[in-house]
Amino acid sequence: MSRRSFFAKRLPFFGNRAMLILCCVFFLLPFMLRGAREAIVGIKNDVADWLPASFEETKQLRYFREHFVGDQFVVVSWEGCTSRDNRYNLFLQKVRRESIAGDDELRQRLETMD
């Protein structure tokens with residue numbers, strides 16, 4: 001007596017179990033792909049959501065977003081960097097041109113942070 005595999009057993013409508021499983025997979029596949037696509041499109045990962053409003057980091061992030069476009073930035077410093085350094089003032093002028101505010105308010109805030 002030969003034993004037939006699990007997938008080779010006959011079913012009344014589908015013919016065998018393998019065909020039933022394939023029909024289920026191909027029926028569910030579009031729903032799974034659509035769900036995965038919606039999950040990727042709907043992802044919103046914002047650092048501000050992680051931080052409580054009372055944290056100092058949240059205030060710094062808010063300040064940064066008010067004055068610069070986007071979330072990409074570079075922190076620049078060097079040994080002996082002070083507000084009296086000519087290189088610092090030149091760098092500050094260049095940053096001010098690229099800043100949204102572009103006014104003396106930015107210079108005052110940057111100098112108070114020094």
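# A chat about a predicted model

Q: Hi! Where is Leu11 placed?
A: Leu11 lies in strand β1 (residues 10-11). Helices (H or I, at least four residues) and strands (E, at least two) are DSSP runs, numbered from the N terminus. This is a predicted model, where local features need pLDDT of at least 70, side-chain atom pairs count only at pLDDT 80 or more, and totals for chains, interfaces and linings use all residues. Residues are numbered from 1 along each chain as its sequence is written, and side-chain values use heavy atoms, with hydrogens and water left out.

Q: Which residues does Leu11 touch, not counting those up to four places away in sequence?
A: Leu11 touches Asn16, Arg17 and Leu20. Touching here is contact, meaning heavy atoms within 4.5 Å.

Q: And why does Leu11 count as partly exposed?
A: Because its relative accessible area is 25%. Buried means under 20% relative accessible area, exposed over 50%, and partly exposed in between (1.4 Å probe, protein chains only).

Q: Let's zoom out. How many helices and strands are there?
A: The protein has five helices and two strands, in the order β-β-α-α-α-α-α along the sequence.

Q: How much of the protein is buried?
A: Buried residues account for 12% of the 114 residues.

Q: Which residues are buried in α4?
A: Those are Tyr88, Asn89, Leu92 and Val95. Viewed down the axis of α4, they fall within an arc of 120°, so they line one face of the helix. That arc is taken from the directions from the helix axis to the C-beta atoms.

Q: What about the other side of α4?
A: Asn86, Arg97 and Glu98 are exposed there.

Q: What about α3, which residues are buried in that helix?
A: In α3, the buried ones are Thr58, Leu61, Tyr63, Phe64 and His67.

Q: New topic: which residues form the nonpolar patch on the surface?
A: Phe6, Met19, Ile21, Leu22, Val25, Phe26, Phe27, Leu28, Leu29, Phe31, Met32 and Leu33 form it, with about 1,200 Å² of accessible area together. Patches are made of residues with over 30% relative accessible area and no salt bridge; like charges are joined within 9 Å, nonpolar side chains (Val, Leu, Ile, Met, Phe, Trp, Tyr) within 5 Å. A salt bridge is a side-chain nitrogen of Lys or Arg within 4 Å of a carboxyl oxygen of Asp or Glu. Accessible areas come from the Shrake-Rupley method with a 1.4 Å probe, and for residues only the protein chains shown count as cover.
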